[in-house]
Amino acid sequence: MPEREDGSTSKAFMDYTLVVTVLFLTAFGLIMIYSTSSYEASVQFGDAGYYLRKQVLAAVVGIVVMLLVAWTPYHFWEKLAFPIYAFSYLLIFMIIPFGYEANGAKRWFRVAGISIQPAEIMKIGVILFTAGFIVRLGAKNIESARGFFSVLALGLVPAILIRGITDNMSSAVIVLGITVLMLFVASRDYKRFLAMGAVLAGVVGVVILVVKNMPENSGAWRLERIRAWLDPNAYASGKGFQTLQALYAIGSGGVLGKGLGESVQKLGFIPEAQNDMIFSIICEELGLLGAIAVMTMFMVMIWRFMAIAYSSPDMYGGLLVVGVMAHVAIQVILNIAVVTNTMPNTGISLPFISYGGSALVCMLFEIGLVLSVGRGIQIQDL
Amino acid sequence: MKKKLLVLFFVVLAAFAGLGVRLFAIEKSNGEAYRRQVLEQQQYDSVTIPYRRGLILDRNDMVLATSEKVYNVILDSNALLRDEKYMEPTMNALRNDLGIDTAAAKSYAESHPDSRYRVLEKNLTYEQISAFRDKLNDKASYPDIRGIWFEEQYRRQYPNGTLASSVTGFTTTDNSGTGGIEEYYNSVLSGTNGREYGYQNADSTLERTTIAAKDGNTVCSTIDSGVQTIVEDKLRQFNEEYKDGAHPGNGAENLGCIIMEVNTGKVLAMADYPFFDPNDPRNTDVMIGMREVDEKGKKTNGETEMKRRVSVGDIAGGIGGVSAGTTEETAVESGESAPAGDSGTENGAAGNSVTSGAAGTTGKVGAAGVAEVVGSSGAAGAAAVAEAGAAEAADAAGADASAGDGDSQSGSSEDSDVLPEGLAGRAEMAEVVLPSEITSDVFETGYIGTGFIAPKYVTAESISFMDTETLNQNYYALWKNFCINETYEPGSVAKPFTVASGIDCGAIRGDESYNCEGLLEVGDHKIYCHNRYGDGILNVSQALERSCNVCLMQIAFAQGVENFTKYQDVFGFGLKSNVDLAGESRTESLIYTAKNMRRTDLATNSFGQGFNVTMIQMISAFCSLINGGNLYQPMVVDRIETSDGATIENMQPRLVKQTISKTTSAKIRSYLYQVVFGENGTGKTARPCGYAIGGKTGTAETLPRKNNEYVLSFMGYAPADDPQIAIYVVVDRPNVYIQDDAKFATRIVKEVLQEVLPYLGIYMTEPLSEKEKQELADKGISPIFEDGRNVDMPEAETEETAAEEEQKAQEKSDGDSGKGKEKKQDAKPEAPVVEDIEPKEPWKEFPIDPETGYAIDPKTNALVDPNTGVTVMGGEFLHVEDIEPQEQGGEGEGEAPEEIGVPPQEADG
């Protein structure tokens, strides 16, 4: 529950629980990045703190951004929503001529030595613009087919572009997921969402069946990814390698883990362990208990999101928070699902913890939005 | 909306819960398997950290052997192929910085993409790899050099090349020592490899541990590199001077030299030629000129088609025949039963003894082989002789003399040379080049009047024909340390021991006199002195001075077999000296026991023939003669240190026993002083300018006796009044036509001591003549005297003419020794006696052979030393002659060979 401040009934509200949770997870992320990356960094660059230094810089910038946004009235963004949304499109298209390629995919811009992923900007753009769009459309209109699909299109179009241009399936899923969840919360309807869920489940089921019955060595590499998911041992030296090594890490960590910094798997077995697979190293070093603790922290964060959205002074603020909540929840769930081989491997980072400067800054920007919404809550409203 | 919000929250919560369960399930169902899997993957991470083999230092801490770190270049194809862009920069760097053939590396990487370990290049030094290593470590500038790493190793280095190589030995690639200190102290020099590894502890978690390598300990030798260098230089010089002399090959079959501290048994220098470089022990170049051995390690002889196997009887027969052809007097000298001897030998050659001789050669135990052969050839001989009606002769020849000779020849060399350690194994075959063809060669020169076994020497060509086993055997022969690995008959250097045991057991007092008439009849044999015309009446000191065999036989007879063999044991003959070097020969079967020693054996043993010794045995025992009777165990290592330099073991000189009394020792010293300083001393030429030394020469005939081949030696000590070091030089079969001259050894001794004594800071005590000063100046040696007196010594000397030189020096030293410590009381008094009784010296009248400078006995055609009367070559005399001559011809200097070789282990039947 929000803290009550000395009697002043009109005093602005600051959600310290959320702030502490965010700062904790960010700091914990820095520790884990150092733990996971120091070996590879010293081998590759002769500097164990190579990744840590960059991430600390991003964290500092991100926290400053968060505080600035938190003190900015969130309605300020309502007017900027469309320009930002449109600018995000522009950035995605600009990838085609100006993009920077790394790890075989063209997803980044390099500006003054910092890489920026347009998909991260788009996530913010979608949240800001969709919230305003739904509010303008009105609660009744979004339940009409036209309203429903036009809101859906706000996420679907950029998702397709992100998938098509930057070949980034996971960001596409997240962008679409954010839109769908915001729409879900805004509308009173269930049927459409249940139908969508059913269709999704059906497609997944069919794909699995098809892939399982397909002869080996056929189909695109993405199918192979699915095969590797279904039977990682059969692809131990190929597509299944990363997943399998992550499972080894989780399994070998046991309940209490090997101790912070004691991971063996990070020593070259899990490539770039500081990125998407960082959760497996958390499991290895801190054990099941550490992993559950991290997940609990995320749960606390999502609970705070819900509470703020619940009490938000207006629908716009509430939808903003729902968007951020959707973003964090989807990304955490998908990341852990990938690491535990619950779903096929696709590159999704763990918010606040995985290495990645632009992602962290964007995430903290979104937290700033939530805090700003929270500040609008009058204590007596609760 | 609020309701939906809660729905969303709980959906997310459910998802989290589901994932938590999933985590738990992974841990629960597969945790154990995955833990093991992780540890298994870790295996390759276990790395051996090599230890560093200990150093070998000399007594001044100069490095004789060290181990330097070298690097192997390892290719990790797996890492290299992770990205295509790695290949080009990596290969460029390999080619440019390491000079590696990248085509092979590349094709290997491509054909073995999963390989993680492939040695591309071995033994590169730190300097050689540093350029590449810098690039490897500079990820910023060279991010794409991958898949190459360096494995560390140590490589043994001998910075001084051949210096003391027989003492140090060498190491094989797996760091185990072969020969010398490297083998004997292998466990001390070896350390323990370290390891960096992960292991599973009780909780199934991985522990990473580094166990540092424990480096080997340092072995500090007693060898003094300065002395060793001098010794090796002189041996090398000798070889240069005499190589390819009488035949293509080294200057001598073996050259050995040991210098030892008299009062501790510590070896200062030990060298044997040919030298090999322990850094490159398999270099065949240094092998050229060595006596070649066959695939069984036996010394080889002559051309295959030119030789045949014969028993010794046959050799003798051949020799007899040749002698007969060249010398009219043969029949007379051969004595009564020449016909019987001839028929016996021919018979033997044609009959069983050929094969039985061969059997004896390969027989394990000389004694057994001998006994058998004696039997069979005796039988053959007996049959033949019976027909000839000379049963007695046959008996003597077969059972006693010739068979013993023949078999002991093969047997002895085999037994003596087969080292338990297998370093050197060889046996001399009774293979003889047919006399006819040798003699054609030899008679042109006019020097050799007897059958001659032409040895075979290693040449570049013969190496190319060697099969692996033969080549290995020749390597062993090269690597063996003559000073400890090989046995031989010592010859006259054994005489001081005979005298010492005689005095010490009380059989003689030292003031006895004996009459030498040139030969002594012992049993059925005539055993000649080196001077066949007789030395006249000599006392004990003079007997040693002139190396008179007859006197020594008398002295041996005075003490008897029991005492003689007891003292041989006391001196350590037949026992290992236990020097701390690998592969010392066993000699217990190569000496007589009181049980099997006959009177003739005693006679020949008294002057050093008939039993085998090693150099190290001789010099250790000799030190005890000199130092008052203390026999020290010889040692080449006296300290062991850890790799950090902390001493962990100090080996004190080990006194094994008291061999003789102090007074006996003092007497021996005085006698040996006379050998070098006496008027007729055989060892004069061993004396370095400015020093007084004592010692004894040796000239031992090798087997087979008629081969005119000798082992020359000198064993001495310096300074004479206060012995500090003992030196023993052996020249085994010098490469000259007339080998019978101890000067081959004494010259080396002189040259070595001339430099070693000043090096050791031992002051000169003897006045220098003008000639000596000139000699020193020529050698670049400045005389050192304790009181700072320099070149100029008493004026009296300056007047001497070169011609008088020797005699004057003699007198002078006698005079000087008066002021010297002990030598004067002990040694001198006896000297004058000789002059009075000096017998007629018939050889002085012989005509001088213009070619050789030797006198020629008109009766025998023998070459005789015009000064001493010693027969050096030719003539039909034998040192030991059977009354019924089985063989004849020959001659010999100091040592009369009997048919002696290996003493039979069991009494002859």
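In strand S18(B), Gly536(B) is the bridge partner of Cys516(B), and that pairing is a handy place to start a tour of this predicted model. Local features here need pLDDT of at least 70 and side-chain atom pairs count only at pLDDT 80 or more, while totals for chains, interfaces and linings use all residues. Residues are numbered from 1 along each chain as its sequence is written, with chains lettered from A and ligands numbered from 1 in the order in which they are written.

**The strand pair around Cys516(B)**

- Strand S15 (residues 513–516) of chain B pairs with S18 (residues 536–539) in the antiparallel sense, over four bridges; strands pair if DSSP finds at least two bridges between them.
- Helices (H or I, at least four residues) and strands (E, at least two) are DSSP runs, numbered from the N terminus.
- A residue is buried if 20 or more other C-beta atoms lie within 10 Å of its own, exposed if 12 or fewer, and partly exposed in between, with C-beta atoms placed from the backbone.

**Chain B as a whole**

- Chain B holds 30 helices and 29 strands, and of its 909 residues, 55% are buried.
- Among contacts in chain B with a separation of 6 or more, 74% join residues 24 or more positions apart; a contact means C-beta atoms, placed from the backbone, within 7 Å.

**The nonpolar cores**

- The largest nonpolar core has 143 residues, and those with the most contacts inside it are Ile258(B), Ile259(B), Ile619(B), Ala726(B) and Tyr728(B).
- Such a core is a set of buried Ala, Val, Leu, Ile, Met, Phe, Trp, Tyr and Cys residues joined through C-beta atoms within 7 Å.
- Helix H22 (residues 549–571) of chain B gives this core its largest share, 11 residues.
- Domain 1 (63–158) and domain 2 (226–275 + 485–837) of chain B both contribute residues, so this core lies between them; the bounds come from an automatic or database domain assignment.
- Not counting residues up to four places away in sequence, Ile258(B) touches several residues, including Met615(B), Ile616(B), Ile619(B) and Tyr728(B).
- A second, separate core of 124 residues includes Leu360(A), Leu369(A), Val370(A) and Leu19(B).

- H24(B) has 12 residues and reaches 16 Å from its first C-alpha to its last, close to the 16 Å expected at 1.5 Å a residue; the expected span is 1.5 Å times one less than the number of residues.
- Gln617(B) lies in H24 (residues 615–626) and counts as buried because it has 25 C-beta neighbours inside 10 Å.
- Leaving aside neighbours within four places in sequence, Gln617(B) is in contact with Gly572(B), Phe573(B), Ser577(B) and Thr587(B).
- After H24(B) comes Gly628(B), whose phi is positive, near 100°.
- H25(B) is mostly covered, with 13 of its 16 residues buried.

**Where the chains meet**

- The contact takes 36 residues from chain A and 29 residues from chain B.
- On the side of chain A that touches chain B, H10(A) supplies the largest share, 10 residues.
- That side of chain A divides into 26 nonpolar, nine polar and one charged residue; Ala, Val, Leu, Ile, Met, Phe, Trp, Tyr, Cys and Pro count as nonpolar, Asp, Glu, Lys and Arg as charged, and the others, Gly among them, as polar.

Key. Contact = placed C-beta atoms within 7 Å.
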